Amino acid sequence: MPYRLDVTSDQDSYPILIGAGDWTTLAAEIGVRFNPTQVVVAMDETVASIYGSIATSALTKIGKPVGQLLCPAGEASKSAEMAANWWQALAARAVDRHAVIVALGGGVVGDLCGFVAATYLRGLRFVQVPTTLLAQVDSSVGGKVGINLPSGKNLVGSFWQPGLVWIDPAVLRTLSDREFSAGMAEVIKYAVLRDDGLMTFLEEQSPAILARDPEVLGPLVHRCCAIKADVVHQDPRETNGIRATLNFGHTIGHAIESMTGYSSVLHGEGVAMGMVAETRLAERIGLAAPGLATRLEDLLRLYQLPIDLPNFAWEQWHRAMLRDKKNVAQQVAFALPSRLGCVALKHDVAIGDVQAIVSC
Ligand SMILES: NC(=O)c1ccc[n+]([C@@H]2O[C@H](COP(=O)([O-])OP(=O)(O)OC[C@H]3O[C@@H](n4cnc5c(N)ncnc54)[C@H](O)[C@@H]3O)[C@@H](O)[C@H]2O)c1
Ligand SMILES: [Zn+2]
């Protein structure tokens, strides 16, 4: 694979390999790296229908039994019921501590499979093979794994690092336009977080990126993973505020997802609207100079992302934002940009300014 990043965590160190790989090379890498007693591939039904048989038959070449864990596509699968279902399936296969589980899919399968791997037999080795843009640039890096409860998203989970992350941007060709654009919201977030020419690159290269040219996506995904890995390295367990800067756009984005019932708005779409509103908030309170929000809006439009906030009563906004995990003592927290490349966590934004922004 042409790009390699080595991620060091408090648990372990593992490589992220990025590029035009093929399934046989992935299987050989898993065989050599883990020498597993068996391999279990976790997928949702959509991913299984596209890549299930090619992946499984390549993994069979390791010469060990290969099994599958399946779930319906969609956020509802990130549940305690599905985790229990997969634990039982692993028990039925007599999976031992030397087995390896491969999470092949988007963030839902990555989070669920990682959680099952973290908990079964007190921890199994697992490999992330992310197949959505969001999973390639975000959820497969950093070691957060977990499931949802009826009362909230990601309420049960753990930090559990994969032994290998294998990213082939060619699989993004089969992703829907809408899911691809939603992943671009997180890419654009990294550009605001770090700049480094990334913003200009995204502005200039939109035709090649939207055409999903793997030659362009490879270095782009590599750049995003490097930014995320660096942030996570500085704050592995989200204790000093650095990792929370990855939440730029997410205070308002999460509120939109929650108010719309996690169904009509994709996570990345919520983040896109949230980034514009939070940048306008930063401009309003004099933290950022005027102009950044408009530049961001133009870029998000280029990638077919929504920028206008939905209409909700202020009480609903406020209630939704009060549930944000970054808050301290009922004060709504925001990761706000002061300029391109500089985002910091703020706990002292006056609620009247927030109301003015979401009520426009
Ligand atoms: N762990 C973390 O740090 C972290 C970070 C961000 C998001 N997340 C989580 O990630 C989840 C969202 O992930 P997502 O956006 O990848 O959603 P997803 O996993 O639901 O995938 C989106 C859709 O795309 C389909 N799909 C996946 N790959 C495909 C491909 N190559 N071709 C065609 N279809 C494909 C899936 O079947 C699904 O229908 C959320 O649960 C969120 O909480 C976790
Ligand atoms: Zn996000």
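Which residues of α1 are buried? Keep that in mind while we set up.

Before you click, note that this is a predicted model, where local features need pLDDT of at least 70, side-chain atom pairs count only at pLDDT 80 or more, and totals for chains, interfaces and linings use all residues. Residues are numbered from 1 along each chain as its sequence is written, while chains are lettered from A and ligands numbered from 1 in the order in which they are written.

**Stop 1: helix α1**

Select residues 23-34, which make up helix α1. (Helices are DSSP runs of H or I with at least four residues, strands are runs of E with at least two, and both are numbered from the N terminus.) Now for the opening question: Leu 26, Ala 27 and Ile 30 are the buried residues of α1. A residue is buried if 20 or more other C-beta atoms lie within 10 Å of its own, exposed if 12 or fewer, and partly exposed in between, with C-beta atoms placed from the backbone. Look down the axis of α1: its buried residues fall within an arc of 100°, so they line one face of the helix. That arc is taken over the directions from the helix axis to the C-beta atoms.

What covers those buried residues? The cover includes β3 (39-44), α2, β5 (100-105), β6 (125-130) and β9 (164-167). Contact here is a matter of C-beta atoms, placed from the backbone, lying within 7 Å.

At 1.5 Å a residue, the twelve residues of α1 should span 16 Å, and the end C-alpha atoms are 16 Å apart, which agrees. The expected span is 1.5 Å times one less than the number of residues. Then step just past α1 to Asn 35, which takes a positive phi of about 40°. Most residues other than glycine have a negative phi.

**Stop 2: ligand 1**

Next, show ligand 1 and the 29 residues around it. A residue counts as near if its C-beta atom, placed from the backbone, lies within 6 Å. Thr 46, Gly 106, Gly 107, Thr 132 and Ser 139 come nearest. By type, the shell has nine nonpolar, twelve polar and eight charged residues. (Ala, Val, Leu, Ile, Met, Phe, Trp, Tyr, Cys and Pro count as nonpolar, Asp, Glu, Lys and Arg as charged, and the others, Gly among them, as polar.)

**Stop 3: helix α4**

Stay with α4. Eleven of its 13 residues are buried, so α4 is largely enclosed by the rest of the structure. Among the buried ones are Gly 107, Asp 111, Cys 113 and Phe 115. The 13 residues should span 18 Å at 1.5 Å a residue, and the end C-alpha atoms of α4 are 18 Å apart, which agrees. After α4, find Leu 121, whose phi is positive, near 55°.

**Stop 4: where the domains meet**

Zoom out and colour domain 1 (3-174) and domain 2 (177-358). These bounds come from an automatic or database domain assignment. How many residues of domain 1 are in contact with domain 2? There are 25, and they touch 24 residues of domain 2. On the domain 1 side, β1 (3-8), β2 (13-18) and α5 each supply at least two residues. The largest share, five residues, comes from α5. That side divides into 15 nonpolar, six polar and four charged residues. The C-alpha centres of the two domains lie 26 Å apart.

**Stop 5**

Go to Asp 195, in the loop between α6 (177-194) and α7 (198-204). Its phi is near 55°, a positive value in a residue other than glycine. Asp 195 counts as partly exposed, with 15 C-beta neighbours inside 10 Å.

Now pick Leu 340, in the loop between β10 (334-339) and β11. Leaving aside neighbours within four places in sequence, Leu 340 is in contact with Val 192, Asp 195, Met 199 and Leu 292. Leu 340 is partly exposed, with 19 other C-beta atoms within 10 Å.

Thr 245 is 97 residues away from Cys 342 along the chain, yet their C-alpha atoms are separated by 9.3 Å.

Methods:
Two residues are in contact if their C-beta atoms, placed from the backbone, lie within 7 Å.
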